[in-house]
Each structure stands twice: as C-alpha cells, then as structure tokens.
Amino acid sequence: MTPQKPLSQAVSKVKGRPWMHWVGKRGIDTIEPFPAQKVEVFSASPSVPLKEGEEKEEWSNLLFYGDNKEVMGHLLEKYRGKVDLVYIDPPFDSKADYIRKVELRGMKGTALEGEGQSTLEQVQYADMWANDEYLQFMYERLILLRELLSETGSIYLHCDWHQSHRLRCLMDEVFGGENFVNEVVWGYGAGGTAKESFSRKHDNIFVYSKSKDYHFSIEDKIFKTEYDKSTIEMHYKNIDEEGRKYRVQEKNGRQYITYADEGKTITDTWTDIGSQSATSPISKEYQSYPTQKPEALLERIIKASSNPGDLVLDIFCGSGTTPAVAQKLGRRWIASDINHGAIQTTSKRLQKIMKEQSQEKLPPTPLFEGDAEGRGSVSLSFEIHRVNPKFQFEVQQGKQ
C-alpha cells in the first residue's frame, strides 16, 4: 500500500500588534509536513541489552539539514507546543558574504600553485537581501516558531542594528507586545574602530514569551558579577566575624543584609561576555565558523529560560553553539541549518562532547544520572535528517 500523505498542518492566525506592511506580505494558514530522511545516527551511549519483553524508549537529539521553514513543517506534527526554549541567530541582513577558511588536507604549510595559500575560502552563506524578502522570510519563520513553542516557553532572537528596529515590530506582531520580556544588549570590544560614526559594538537579543506563565530563573551564580572597588568602599563598610564585608539596608520597616562577595545580579546589559572566546583560533571553542557565538552567552540564556530535560530549538544553528551548550547542560535539543558546512561542523562538535560525557571527562553533574525531578539522564545520541531532498538537489544544481 502507498503510505498516506500527512495532512497539512494548520497555523493559527497572528493577533499581536503593531502591524507592519511590505510588498508581498502574506501570512501562513497551513504548511505541508515535508518528509525527512534519516541519513546518520551517532551514539556514545554504551549498549545495554534489554530483558525479554522490556521496552525502553530513549530520547535522541535531532539535527536537520534543510530549509528551516520546511523543517518546522515537519516538526509541527510531533512537537507543536512542546518546545521550551527557542534561540535563533538568523541572518542580520549585513550585506556581506560570510567566508570560512578551510585548510586543505595534506597541504598544511604548502601554497597552492598560483594562489599563494594552503587554505580554501568557502562561502558559508550570503547575507544579502531585499528588504521585503528579508521581512517575509523572518515573518514566516517567527509564526512557525510560535506554533512550536510551549505555553511556558520563551524565544530569544539575536540581531544587530541592521534590522533590529523592524524585527522588534515583527516580534510584537507575532507574539504580542504584552509578551515582551527583555531587550538584552550584548556589548563586546572586538573589531575595528569607526571613523564616521560611533563604533557599533553591541548586538540586540529580543526576549519574548508565549504567555505570561513563562519559565525564568536567575538563581545560578553565572548571573552575578563583582561589585567595583569604589562601590564596595562606599557602601560595604561593615565586616562580620568571618571578615566578610556587608551592608545593611532598610525597606518597608525591614532590614536587609547583602554581602559584597556575593556580587550583584546582572541587568539586561551584558558586557562581561566577550566575543573572543568564540572567534580566537587559540580558543577551545573555536570552530573556524563565521558568526560563531561564545558558549557563555548561550549558557546564560539556556540556564535562565529552561530546566534540565527541557527541549531547546535552534533553526539557524551555524557552528552548533546552541546544541553544544544544551547538551552540556542536560537539555534535549533540536537544531537545523540549510548549510551543509554548518551541519558538518555541528555534528563533529556534538560527537566530541558526547564522547567526553560518556567517558566522564566533563565535570560530574547529577543530570547524567537523573535529576531530582526524575527527568532522566542526558541523551548521548543524535540523528541527522535531511528534509525535502528534492529541494536540496535543486539547490545543488543551481536551480534556486
């Protein structure tokens, strides 16, 4: 029998405000659940034989190669309303080609004839758009991400000055202005100095929730920074029996004691996370991938807006920082990218992490044995799927 074609997935209408208009604007009423072909499976878990009659269904993380709109059409059948956290670092519309330098095997230190180099410059993706095309591209994907997000979930959209003003309006339209949580400003010092303007040294990260009942926690120590010396000298003049400096404040008739060594809780301006950890060739994180983000940035986001065992989604995964950090923190993850180089980089990166976890080389954590809420152990496996192979063939043949 010929397998029955899955029914189109309905998509709920956008009801947020304000509305933006551009040439060719259209919403999404339905989307086809494009087929996915499993092409590779990796597992670092030791094989344990099951007893007779025993069935054990384990989670396997998912990495998709294909257009993320079609990937989400596929995911809606099973994961509608089940994603706890979305982080996306989409194209910025920077009007640039992003190049990855690939060292040729067996050619290290040797120049290619006529080229004077031993590396190949590989275009990872071209970030050049007409404005209407960019807005429609992002609009459709934000609508589908909203469908996948759980009622207690959050989405973090990473962008910069090129389109931040328009993307903020799109987020209001799709998720509703009442569900705006934060605009995080990530400041960094890398790069050159501008001569015709103030140097642009920050990115914007817009945080929205699906509802008012969203998860958010900043109890972890990574959400603390040290007080500067002048603040301690001015306000923390008391010293307890252990030699710790503290201050006493009174509010509504009650006294509160805070210690200087506990640090202050971070705000929505993040200047303590540099970009060099991801972009420096001597860094352990370095993947030789353009636009790579530091793991510390994703660690802060994932810890703030998800719990161990929650499902994290990144549909522009690039070098794989989101799934890499999610894996280290004991979250389940789904990631995708349309670029084959990104899939290769992410796969290699995740395999290394999982092998280390299986050999207990990483710092021990109760997540690997099952946490207090009984969510189970972290998965040491993932599957690579290709979505809509016809599209991939046409891209490779230059038909699109």
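Predicted model: local features only at pLDDT ≥ 70, side-chain atom pairs only at ≥ 80, totals over all residues.
**Exercise 1. Getting the overall picture**

Find how many helices and strands the chain has, and what share of its residues count as buried.

*Solution.* Start with the secondary structure, which comes to 9 helices and 19 strands. Next, burial: the chain has 400 residues, and 44% of them count as buried. Last, take the contacts with a separation of 6 or more; residues 24 or more positions apart account for 74% of these.

**Exercise 2. Helix α7 and its surroundings**

Decide whether helix α7 is largely enclosed, and say what its buried residues pack against.

*Solution.* Step one is to go through residues 321-328, the span of α7. The buried ones are T321, T322, P323, A324, V325, A326 and Q327. That's 7 of the 8 residues, so α7 is largely enclosed by the rest of the structure.

Step two is to see what surrounds them. The helices they pack against are α6 (295-305) and α8 (340-358), and the strands are β4 (61-65), β5 (83-88), β17 (311-314) and β18 (332-337).

Step three is a look just past the helix, where G330 has a positive phi of about 75 degrees.

**Exercise 3. How α6 meets α7**

Describe how α6 and α7 are arranged, then check how buried α6 is.

*Solution.* The two axes come within 9 Å and cross at roughly 60 degrees. That angle makes α6 oblique to α7. As for handedness, α6 passes α7 in a right-handed crossing. From α6, the residues in contact are E295, L298, E299 and I302, and they meet T321, T322, A324, V325, A326 and K328 of α7.

Now for burial. In α6 you'll find E295, L297, L298, R300, I301, I302, A304 and S305 buried.

**Exercise 4. Following the rings**

Say what kind of aromatic pair F180 and Y208 form, and which parts of the chain the pair ties together.

*Solution.* The count of aromatic pairs comes to 10. One of them joins F180 and Y208, with 5.4 Å centre to centre and 70 degrees between the planes. An angle over 60 degrees counts as edge-to-face, so that's the label for this pair. F180 is in strand β9 (residues 180-187) and Y208 in strand β10 (residues 202-209), so the pair ties together parts that are 28 residues apart in sequence.

The two partners can be compared by accessibility. F180 is partly exposed at 28%, while Y208 is buried at 0%. F180 also has R168 over its face, 4.0 Å from the ring centre.

Elsewhere, R244 has its charged end over the ring of Y259, 3.9 Å from the centre. Ring pairs also link F42, W333 and F382 into a cluster.

**Exercise 5. Three residues to look up**

Work out whether N68, N252 and T291 are buried, partly exposed or exposed.

*Solution.* N68 lies in helix α1 (residues 68-79) and is buried, with 6% relative accessibility. Beyond its neighbours within four places in sequence, N68 touches R141, I315, F316 and S336. Its C-alpha atom is 8.9 Å from that of V387, a residue 319 places away along the chain.

N252 sits in the loop between β13 (245-251) and β14 (254-259). At 75% relative accessibility, N252 is exposed. N252 isn't a glycine, yet its phi is positive, about 55 degrees.

T291 belongs to the loop between α5 (276-279) and α6. Its relative accessible area is 29%, which counts as partly exposed. T291 is another residue other than glycine with a positive phi, near 70 degrees.

How values were computed
Residues numbered from 1 in each chain as written. Heavy atoms only, no water. Phe/Tyr/Trp six-rings, centres within 6.5 Å; stacked < 30°, edge-to-face > 60°. Helix = DSSP H or I, 4+ residues; strand = E, 2+ residues; numbered from the N terminus. Buried < 20%, exposed > 50% of the residue type's maximum accessible area, 1.4 Å probe, protein only. Lys NZ or Arg CZ within 6 Å of the ring centre and 35° of its normal. Contact = heavy atoms within 4.5 Å. Axes fitted to C-alpha atoms, helices over the stretch in contact; angles between N-to-C directions. Parallel < 35°, antiparallel > 145°, perpendicular 65-115°, else oblique. Left-handed = near helix turned anticlockwise from the far one by under 90°.
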